[in-house]
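Q: Please take a close look at the surroundings of the ligands in this model. A connected account of the shells would be welcome.

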Amino acid sequence: MRPNKWMLFCVICCAMIGAAENSRAAEKQEARPPDLSMKTATSSEECGSCHVAIYREYAMGFGGDLSYKGIVYKFAKDKLLTLPANVSTSGTAHSLAGLDPFPIHARGIEMGGKYCNVCHYPLSFEIPDIENLETGKPQPRPPEQEAGGMTCSSCHLTPDGKIRGPYNVADIADLPHETLTEPRIQSAAMCAYCHSLGKRTAGKQTQTFLEWRKDFNKPGLGRQHCQDCHMPRTLRKTAEDFDVPVRAVARHLWTGGHSPQRLGSALSLIVVQPREGKPDLEFHVINVGAGHSVPTGSNRRGMYLTIDVKDKKGKTVAGREWLFAPWYGDRPDDKTFLEEDKNRPDAVSATMADAQGPHETIIRAGEDRVLNWMPALKKGAYTVQAKLIYDLNRYNERTFLADQTEINHASLAVKVEGTP
Ligand code: HEC
Ligand code: HEC
Ligand code: HEC
Ligand code: HEC
Ligand code: HEC
């Protein structure tokens, strides 16, 4: 057989793989312990050299369906806020926390750069008590150490400089770093520090952990902790090149608002015509998949239930829309506070929320929310189409679609005898 360019390509490839293996072996011999002198600003690549698969998930979202398409702060024609070109648009929110231009831009406008850093780039923290969160406020890193955002060490480094994890690895020979066995890392308490702020107020933003504890865990709706849904486990080694056992390792993916798969699993949607022949309609939005409210977290998140009633020719004859969103503060968002908002230190954020006016509250864990509507319809046959649309930034124009994801839809054929 005559050598062709493909064979040559194969030879080069094999040589490259061989070289990569050699250098991996060399790395293994060197197995350098991580340098933790930068504390939570320690770059995640330090850890990724040994914990390869976990790093690939954290930085590239490998095995998930995350995507950051870019966002506008307000107007559809504004400059698109996109990730820097050298980072993966499918990386996890945690890996992007110091790079995601949306919070960075929002911080500049809303708070003159202050305060927000506490959760987006914190120092090491003690895992709070799951029953009692009184551990004080998260402490931010100094501004010159922001760039790394959230690192492996943000979660794994204890305030006294140990690396915590769920296992007892004391019997592993040549362990390159000390570890602390910390079973609570597998509980919701691990996430509470950043995913809750302030007292429990149903309907408000930054309540994810408290929603989980009060609405989901305590009443017994489910036994899952945050990790069971957001870090699904797989059997593999935690450090590929070491002589360590295969363990049930949590995928470091944290799919949430940027994952159509995760969003699509949250809610059921059902359309009902309760009285035959009458035009009154009932829409059920049922939280079957989230261990907290939907939407949850930042007040920026919103979800629309959009209804189109179509006649036999497919023409829309009636329509309606509801918005579901976390309140910005302790009370429902409301236009009557706009004047008062002007004197607040957080005037920009409060005004944005109140200017949108009243809306539906968020759908709690296990809740079946029923929305009623009676469109004025003449005698005839219609199709009622309902859609649930998730919006990462409810404050920008609805015509900007890149931050919206249709997460569910349902339809029903109805016959109407005439409006009563
Ligand atoms: C030189 C290789 C190497 C580097 C660098 C490294 N690790 Fe490890 N790490 C290991 C090995 C080996 C184990 C033991 C794994 C096992 O037994 O499954 C381990 C275990 C762990 C565990 C589990 C501990 C437990 O008790 O459950 C965590 C968490 C961890 N490392 C985090 C980190 C973080 C964070 C960094 C970066 C700051 C890092 N590692 C850097 C090799 C490394
Ligand atoms: C040190 C603070 C901190 C801890 C601890 C933390 N998170 Fe986060 N988390 C954040 C921040 C900040 C973001 C948003 C980053 C961004 O988008 O810029 C985030 C984003 C997320 C998202 C994605 C939201 C989206 O819209 O895509 C999920 C899901 C999530 N976290 C789950 C968890 C879980 C589960 C835990 C516990 C195992 C946890 N987090 C622990 C700070 C934290
Ligand atoms: C948002 C917090 C967070 C970040 C960031 C994070 N981890 Fe973890 N890590 C966890 C939690 C929680 C667990 C325990 C998961 C479980 O089994 O419930 C864990 C477990 C581990 C384990 C033990 C294996 C396992 O799944 O139990 C290793 C090793 C590890 N992480 C390494 C890393 C490395 C390396 C990085 C950075 C590339 C990183 N982690 C980033 C929260 C985090
Ligand atoms: C029973 C599974 C389940 C459990 C348990 C669970 N979640 Fe979720 N989570 C979901 C689903 C489904 C979504 C998508 C719908 C939504 O955004 O609420 C989601 C979304 C999120 C988001 C994205 C919000 C955004 O702004 O886009 C964050 C952050 C989050 N969860 C954090 C947590 C934390 C922290 C815990 C534990 C206190 C937790 N989750 C427990 C299923 C779960
Ligand atoms: C209590 C901790 C905490 C504080 C304080 C905080 N954030 Fe966040 N932020 C989060 C978490 C956690 C998320 C992840 C999404 C969620 O929970 O909805 C997030 C998400 C965001 C997002 C959406 C990011 C995306 O990818 O879509 C923006 C924008 C944001 N924060 C801006 C800010 C600004 C501006 C401030 C200061 C006014 C601030 N944050 C203060 C924890 C915090």
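A: **Ligand shells in the predicted model**

Of the 420 residues in the protein, 33% are buried, that is, have 20 or more other C-beta atoms within 10 Å of their own, with C-beta atoms placed from the backbone (12 or fewer makes a residue exposed, and anything in between partly exposed). The model is predicted: local features need pLDDT of at least 70, side-chain atom pairs count only at pLDDT 80 or more, and totals for chains, interfaces and linings use all residues. Residues are numbered from 1 along each chain as its sequence is written, while chains are lettered from A and ligands numbered from 1 in the order in which they are written.

The secondary structure comprises 13 helices and 11 strands, taken as DSSP runs numbered from the N terminus (helices: H or I, at least four residues; strands: E, at least two).

Ligand 5 is surrounded by 23 residues, of which P103, C116, C119, G297 and S298 are the closest; a residue counts as near if its C-beta atom, placed from the backbone, lies within 6 Å of the molecule. Helix α5 (101-111) and helix α6 (117-120) each supply at least two residues of this shell, and α5 gives the largest share, six residues. By class, the shell around ligand 5 holds 12 nonpolar, six polar and five charged residues. Here Ala, Val, Leu, Ile, Met, Phe, Trp, Tyr, Cys and Pro count as nonpolar, Asp, Glu, Lys and Arg as charged, and the others, Gly among them, as polar. Ligand 5 lies between domain 1 (34-187 + 225-250) and domain 2 (260-416), because both give residues to its shell; the domain bounds come from an automatic or database domain assignment.

Around ligand 2 there are 24 residues, with C191, C194, C226, G256 and G257 coming nearest. Two or more residues of that shell come from each of α4 (93-96), α6, α7 (152-156), α8 (189-192) and α10 (226-230). The shell around ligand 2 consists of 14 nonpolar residues, nine polar and one charged.

Ligand 3 also has 24 residues around it, and the nearest are C152, C155, Q186, Q227 and A250. The elements contributing two or more residues to this shell are α2 (44-48), α3 (52-60), α7 and β4 (247-250). Among them, α7 gives the most, with four residues. In the shell around ligand 3, 13 residues are nonpolar, 11 are polar and none is charged.
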